[in-house]
Amino acid sequence: MAWVNTSPLVKTYTLDEFWALPDPPDHSKLELIAGVLYMSPPPEYTHDNIVKRINRLLILELERLQNKGSVYAPRAAIWTSDRTYLEPDLFYLSAETETRLDPERRTTADLVIEVISPGSAIYDRNTKADTYAALGVKELWLADEVAETVEVRTLRGDRYDEGKVLAIGEQLTSSVIPGLNIAVANVFQD
């Protein structure tokens with residue numbers, strides 16, 4: 001792609017430069033981590049349906065629990081400096097965390113949810129997960145659309161624990177949303 005350089009040995013970006021980039025011709029998603037530009041293929045139908053289901057299930061659970069936190073959907077961002085900008089598939093901010101953050105600039109989250117597609121698996125499981133840990137995101141869910149599992153990682157110090165992989169037939173719970181209970185099957189099936 002001649003329209004942009006993605007090698008950090010040749011070019012790193014500031015947030016202003018990142019925002020000035022043209023949209024990728026193939027509609028890939030662009031994110032910036034420590035000035036390095038990352039591209040992932042555009043999501044497909046299965047990915048979008050999983051995001052839709054999790055969003056609906058999470059909002060219903062928050063209402064049931066009378067939780068005043070907020071769920072942010074795709075295109076909402078977490079950005080910390082003039083060199084890091086991430087767009088999780090979904091993220092949750094407790095009311096307490098939200099009051100501490102600048103409303104114009106979310107720098108962390110209590111829970112981030114990424115739907116793992118074959119084209120983004122390595123990036124989401126490693127680079128992006130490590131960045132969320134460095135940003136103090138307390139819990140990370142990695143919903144694997146192929147395996148139909150959800151891996152739940154909890155922040156311990158500055159790293160995530162090994163995580164627990166949950167499959168269809170099991171229940172998702174959360175250390176940051178007490179009382180939350182979602183059937184893994186409902187994440188992958190209507």
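This is a predicted model: local features need pLDDT of at least 70, side-chain atom pairs count only at pLDDT 80 or more; totals for chains, interfaces and linings use all residues.
**Exercise 1. Aromatic pairs**

How many aromatic pairs are there, and which geometry does the pair of Trp19 and Tyr85 have?

Start with the rule. Rings of Phe, Tyr and Trp (its six-membered ring) pair if their centres lie within 6.5 Å; planes under 30 degrees apart are stacked, over 60 edge-to-face, the rest tilted. The count is 6 aromatic pairs. For Trp19 and Tyr85, the centres are 5.9 Å apart and the planes stand at 85°, so this pair is edge-to-face.

Helices (H or I, at least four residues) and strands (E, at least two) are DSSP runs, numbered from the N terminus. Trp19 is in helix H1 (residues 15-20) and Tyr85 in strand S5 (residues 84-86), so the pair ties together parts 66 residues apart in sequence. Tyr85, at 10% relative accessibility, is buried.

Now take Tyr72 and Phe91. Their pair is stacked, with 5.0 Å centre to centre and 15° between the planes. Tyr72 belongs to strand S3 (residues 70-72) and Phe91 to strand S6 (residues 90-93), so this pair links parts 19 residues apart in sequence. Both Tyr72 and Phe91 are buried.

Finish with the cluster: Phe18, Trp19, Trp79 and Tyr85 form one.

**Exercise 2. Strand S6**

Which strands pair with S6 in the antiparallel sense?

Two strands pair if DSSP finds at least two bridges between them. S3 and S6 have 3 bridges and run antiparallel. Here Tyr72 is the bridge partner of Phe91. S6 also pairs with strand S7 (residues 111-116), again antiparallel over 3 bridges. Leu90 has Ile113 as its bridge partner in S7.

Then check the side chains. In a regular strand they alternate between the two faces of the sheet. From S6, Leu90 and Tyr92 point one way, Phe91 and Leu93 the other way, and all are buried.

**Exercise 3. The surroundings of Arg53**

Is Arg53 buried or exposed, and what does its side chain make a polar contact with?

Arg53 is in helix H2 (residues 45-64). Its relative accessibility is 8%, so Arg53 counts as buried. A polar contact is a pair of N or O atoms within 3.5 Å; within protein, one must be able to donate a hydrogen and the other to accept it, and residues adjacent in sequence count only if both atoms are side-chain atoms. The partner is the side chain of Asp190, at 2.8 Å.

Beyond four places in sequence, Arg53 touches Asn186, Val187, Phe188, Gln189 and Asp190. With the same exclusion, Val187 touches residues including Ile50, Arg53 and Ile54.

**Exercise 4. The largest nonpolar core**

How many residues does the largest nonpolar core have?

A nonpolar core is a set of buried Ala, Val, Leu, Ile, Met, Phe, Trp, Tyr and Cys residues joined through side-chain atoms within 4.5 Å. The largest has 24 residues, and Ile54 and Val187 are among those with the most contacts inside it. H2 gives the most to this core, 6 residues.

Definitions and conventions: Residues are numbered from 1 along each chain as its sequence is written. Side-chain values use heavy atoms; hydrogens and water are left out. Buried means under 20% relative accessible area, exposed over 50%, partly exposed in between (1.4 Å probe, protein chains only). Contact means heavy atoms within 4.5 Å.
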